[in-house]
Every structure is written in structure tokens, then in C-alpha cells.
Amino acid sequence: MTRDGTALTADLVRTLLRAQHPDLAERPLRLGARGWDNQLWRLGDDLAVRLPWATATADALLLKEHTWLPVLAPRLPLPVPVPQRLGAPSAGFPRPWIVTTWVPGAPGDLAPATRGREAADALAGFLTALHRPAPDDAPAGRERGGPLAPLAGQFERGLASAVELGLLPDPETVRAMRAIWTDAVAAPVWSGPAVWLHGDLHPANVLTADGTFCGVIDFGDLCAGDPACDLAAAWTLLPDGALDHFHTAYRPAHRPAQDPVNAATLHRARGWALFRALGCLLIGEAGRRGRPGGKPSWAPPARAALRRIVPTP
């Protein structure tokens with residue numbers, strides 16, 4: 001059910017297609033996934049229908065993808081869902097929706113990357129291609145791509161919740177997490193051009209096959225800003241031992257070749273990785289407890305990321 005009580009069913013999706021895109025209406029149709037903002041319905045073998053359902057902001061996120069992804073996709077080395085058609089609000093469904101290409105692969109929270117060097121090369125190549133200076137009319141992020149300091153309250157509340165739930169029983173680990181966060185907040189802010197960012201590179205938004213990355217999905221948080229926001233993915237997505245190779249392989253145009261990721265950017269990126277991993281850990285625990293919005297499959301990659309982020313004695 002959507003927020004206004006509309007049931008998203010195969011019959012509804014097919015009715016919308018018949019009314020606005022009849023040439024696609026008779027393709028096989030089945031539910032693909034339910035995300036935070038949208039539901040995804042497979043349309044044949046190569047397309048998908050994305051419809052907003054759970055949040056009021058989903059409409060704007062879909063329209064943003066429809067505007068910008070066709071511009072960015074041709075230069076990206078990994079497949080991404082490229083919008084093909086736009087569905088207009090109607091009496092049957094009073095919100096916009098889109099038809100995109102379908103990107104095959106397994107979500108990274110269910111099938112993490114295991115081939116470190118290959119995965120590091122794939123992620124570095126994708127971010128090198130994406131992280132180019134964005135135009136002045138590029139969308140702003142929803143707390144993504146800016147300074148970390150405004151997120152300090154969220155971080156502390158998340159840390160307190162994780163401790164209270166017994167997810168972080170070691171006080172030394174908690175102290176180390178606070179030190180990493182403090183260091184990241186204190187690092188010099190990004191002074192380069194605002195670059196294109198995916199903005200939400202958590203494990204469920206990357207796809208894997210044969211132990212490496214084969215696609216990136218859900219560009220609803222696409223925005224311009226500090227590349228450290230996306231570089232956090234090196235800690236949260238890559239297997240152990242691949243971090244240094246990633247930093248060597250990442251060669252964005254906005255940094256000189258001899259210093260692609262400077263120390264300040266690394267500190268901020270590590271802080272973003274900690275913030276993301278902590279959030280995913282809590283979402284995973286909510287899923288374990290059967291709470292709305294929880295996703296139990298998010299906990300294992302979050303714990304693995306925290307082991308990579310927080311040093312152990």
C-alpha cells in the first residue's frame with residue numbers, strides 16, 4: 001500500500017501502461033523489489049517500472065533520475081538503470097512514475113563482492129567516471145555531499161541506540177568510533193569543485209556477479225558535492241584488503257594523478273563510511289526485530305564494514 005492507501009498491484013501497473021505506454025503493456029510483469037521510496041516491477045527481460053510508494057519525496061527523486069541519468073549513463077563503466085519513459089499522474093495513480101532499463105545482478109547486501117582487486121577496480125572506475133564537476137543546476141543533496149558536522153546529532157543518537165541495543169558491547173570500540181568521527185568532522189572541508197555523486201552507495205544499491213560489481217542502482221540521491229561521500233564505499237562495499245588498491249585505481253579529473261585522494265578527503269570519507277555502517281547496522285537490527293523499514297540483510301555487511309573502519313587492538 002502507498003501512503004495514501006493505494007494498493008500497488010500488477011493489475012494497476014498494467015492498467016497504467018495500457019493507458020500511457022500501450023506498446024509495453026503486454027510484456028510479462030512481476031514484482032522486482034520494494035525500496036525505501038519506490039517499488040520496482042520487472043517488465044519483460046530488459047525493463048522495469050518504478051513507482052513511488054512509501055515516502056512523499058519519492059516523486060521528486062524519480063523525476064530527478066529521469067532528468068539526469070540519461071545524461072550521465074553513457075560515460076559510466078557499470079550498467080545503471082536508464083529511464084526510458086515517463087508516466088504522468090492520473091486518476092488511477094496520482095503520482096509520476098518511470099520505465100527504466102533493468103540491470104541484472106544480485107544485491108550486494110545478499111551477495112557481497114569477494115574478489116577484492118577486481119571489485120576495487122570496478123568501483124574505482126565507476127567513481128572516477130562519475131566524479132566530474134557538476135553543472136550549476138545539478139541537484140543538491142539531502143544531507144549528502146556536504147560537511148559532516150551537521151550530522152553530528154544523528155551520529156550520536158545512532159551510536160547511543162546501537163549501544164543500548166547491545167550491538168556495540170565493547171566500550172573501546174565505541175570510543176574508537178567517536179574518535180574517528182571527531183577526526184572526520186575536524187578535517188578540512190572540500191574546497192574543490194562540486195562533483196557528481198551517487199549519494200547512497202550502500203550494499204543494497206550495488207549489484208554483484210562472479211564476486212565483483214556488475215551494476216549500480218537507485219540514483220534517487222544523485223547530487224553534487226564532496227566526493228568523500230561516495231568514497232566511503234571503499235570501506236562499506238569492498239572485501240578486506242582491497243582499500244589500498246582502490247585508492248590507487250581511483251583517478252578523478254579533479255585531483256592530480258600523483259595525489260588522487262588527499263589525507264583530508266580520506267578522513268572525511270572514513271567518517272562517512274562510519275556514519276553509513278552505523279545506520280545500516282541499526283536498520284539490520286530493526287529487520288531482525290521485525291520492525292517496519294528494517295532489513296535484516298543489511299546487518300552482516302555493516303558489521304564487516306565496521307571491522308574495516310574501526311581499528312582493533
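Strands E2 (residues 38–43) and E3 pair in the antiparallel sense over six bridges, where helices (H or I, at least four residues) and strands (E, at least two) are DSSP runs numbered from the N terminus, and two strands pair if DSSP finds at least two bridges between them. The model is a predicted one, in which local features need pLDDT of at least 70 and side-chain atom pairs count only at pLDDT 80 or more, whereas totals for chains, interfaces and linings use all residues. Residues are numbered from 1 along each chain as its sequence is written, and side-chain values use heavy atoms, with hydrogens and water left out.

Strand E3 is mostly covered, six of its six residues being buried; buried denotes under 20% relative accessible area, exposed over 50%, and partly exposed the range in between (1.4 Å probe, protein chains only). Both faces of E3 are covered, with Leu47, Val49 and Leu51 buried on one side and Ala48, Arg50 and Pro52 buried on the other.

Three strands form an open sheet in the order E6-E8-E9, with antiparallel pairing. Strand E6 (106–107) and strand E9 (212–216) are the edge strands, each pairing on one side only. Strand E8 (residues 206–209) pairs with E9 in the antiparallel sense over four bridges, and Val206 has Val216 of E9 as its bridge partner.

Among the helices, H9 (263–288) was considered in detail. Helix H9 is mostly covered, since 19 of its 26 residues are buried. Just after H9, Gly290 takes a positive phi of about 75 degrees.

Grid points are joined across faces, edges and corners, and a volume is the space filled by probe spheres set on the points. The largest pocket holds about 1400 Å³ of space. Its lining has 49 residues, of which Trp36, His202, Asn205, Asp218 and Trp298 lie nearest the centre. Strand E1 (29–34), E2, E3, E5, helix H4 (152–164) and H9 each supply at least two lining residues, and H9 gives the most, with eight. By class, this lining has 22 nonpolar, 15 polar and twelve charged residues, where Ala, Val, Leu, Ile, Met, Phe, Trp, Tyr, Cys and Pro count as nonpolar, Asp, Glu, Lys and Arg as charged, and the others, Gly among them, as polar.

The second largest pocket holds about 310 Å³. Of the 15 residues that line this pocket, Thr173, Leu306, Arg307, Val310 and Thr312 are the closest to its centre. Helix H5 (171–186) and H10 are the elements that give two or more residues to the lining, and the largest share, four residues, comes from H5. Its lining comprises nine nonpolar, two polar and four charged residues.

The structure holds one cavity of 30 Å³ or more, and about 60 Å³ of space lies in the largest cavity. Its lining includes Leu201, His202, Arg276, Cys280 and Trp298. Helix H9 and helix H10 (299–309) are the elements that give two or more residues to this lining, which divides into eight nonpolar, two polar and one charged residue.

A search of the whole structure finds zero disulfides, a disulfide being a pair of cysteine sulfur atoms within 2.5 Å. The sulfur of Cys214 is 19 Å from the closest cysteine sulfur, in Cys280, which is too far for a bond. Cys229 is likewise in no disulfide, the nearest cysteine sulfur, that of Cys223, being 6.2 Å away. Cys229 is buried, with a relative accessible area of 0%.

How values were computed: 1 Å grid on protein atoms, 1.4 Å probe; cavity = no way out; pocket = protein on both sides within 12 Å on 5 of 7 lines; lining within 4 Å.
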